[in-house]
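Here are a few exercises to work through with the model open in your viewer. Try each task before reading its solution.

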Amino acid sequence: DLLGYSVYGGGSGVSVSCGTPLTVQEIDAIILKLPACSENRKLLIRNALALVGRVPYFWGGRTSAGWDNSWGSTKEVTCAGDETTGLFLPWGLDCSGFMSWAYKTTFGGNPLSDIGTACMGDGTYTRKISEADLLPGDFGRYPGHVGMFIGYNDAGEKLFVHEYGYRNNCVVGTCPDFYIFDRVVTVEGLLAEDTLAGQAPV
């Protein structure tokens, strides 16, 4: 039972190997166990889960919507502010880049404007919500890190999908350090709709 796991995906240090990808059947099992939500939220979660075990963590990593064939190729980390700045590492996404990618891939445009984690709570693109109001696709965060809420494991702990640093990459797991919760306001109406039902995921 996948949602009984505490972590799924994950890598072993800085490498092109990002861990174990989720199968379509495992993603389907997660979708079936989501808390009640719209079809549009389900597609958002499907797209996010498609990167688990497939896309490396890369500080400052951003890309356009859809699959990026250059993920995993070696690139220089040019974004300042991290111990890896100046190193050549497998190309991927950082935590806020992952969130931006999932939203633009699902809804089109650039709902989060590729903002960094530090700006996610400024009220421009998101609004704070209570923990009790969390729905799949909403954000959990603490200063410096953000993930996407997908539901609860068998122990009742909140589960998130997120790019969790170079040693873990894109994973599904608990993150008890998240204590701030947000919803994307730029597509809030679309999040409540079923208009994307039947659209193929990434």
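Two strands count as paired if DSSP finds at least two bridges between them. Keep in mind that the model is a predicted one.

**Exercise 1. Describe how strands β7 and β8 are joined and how β8 is placed.**

Solution. 
- Start with the pairing: β7 (residues 158-163) runs antiparallel to β8, with five bridges.
- Finally, check burial: β8 (residues 170-174) is largely enclosed by the rest of the structure, because four of its five residues are buried.
- Phe160 also belongs to one aromatic cluster, together with Tyr142, Phe149, Tyr152 and Phe178.

**Exercise 2. Classify the aromatic pair of Phe58 and Trp91, and locate its two members.**

Solution. 
- Searching the whole structure gives ten aromatic pairs.
- For Phe58 and Trp91, the ring centres are 4.8 Å apart and the planes make an angle of 70°. Planes over 60 degrees apart count as edge-to-face, and this pair is edge-to-face.
- Now place the residues: Phe58 lies in the loop between α2 (39-49) and β2 (74-76), while Trp91 lies in the loop between β3 (88-90) and α3 (95-107). The pair links distant parts of the chain, 33 residues apart.
- Buried or exposed? Phe58 is buried at 3% relative accessible area, and Trp91 is buried at 11%.
- Trp91 has a further neighbour: the charged end of Lys75 sits over its ring, 4.6 Å from the centre.

**Exercise 3. Describe how α1 and α2 cross.**

Solution. 
- Two packed helices are described by the angle and the distance between their axes.
- For α1 (residues 24-32) and α2, the axes come within 10 Å and cross at roughly 145°.
- The crossing is right-handed.
- To finish, list the contacts: Ile27, Asp28, Ile30 and Ile31 of α1 meet Lys42, Ile45, Arg46 and Leu49 of α2.

Notes:
Residues are numbered from 1 along each chain as its sequence is written. This is a predicted model: local features need pLDDT of at least 70, side-chain atom pairs count only at pLDDT 80 or more; totals for chains, interfaces and linings use all residues. Side-chain values use heavy atoms; hydrogens and water are left out. Rings of Phe, Tyr and Trp (its six-membered ring) pair if their centres lie within 6.5 Å; planes under 30 degrees apart count as stacked, over 60 as edge-to-face and the rest as tilted. Buried means under 20% relative accessible area, exposed over 50%, partly exposed in between (1.4 Å probe, protein chains only). A charge sits over a ring if NZ of Lys or CZ of Arg is within 6 Å of the ring centre and within 35 degrees of the ring normal. Axes are lines fitted to C-alpha atoms, for helices over the stretch in contact, and angles run from 0 to 180 degrees between N-to-C directions. A crossing is left-handed if the near helix is turned anticlockwise from the far one by less than a right angle, and right-handed if clockwise. Contact means heavy atoms within 4.5 Å.
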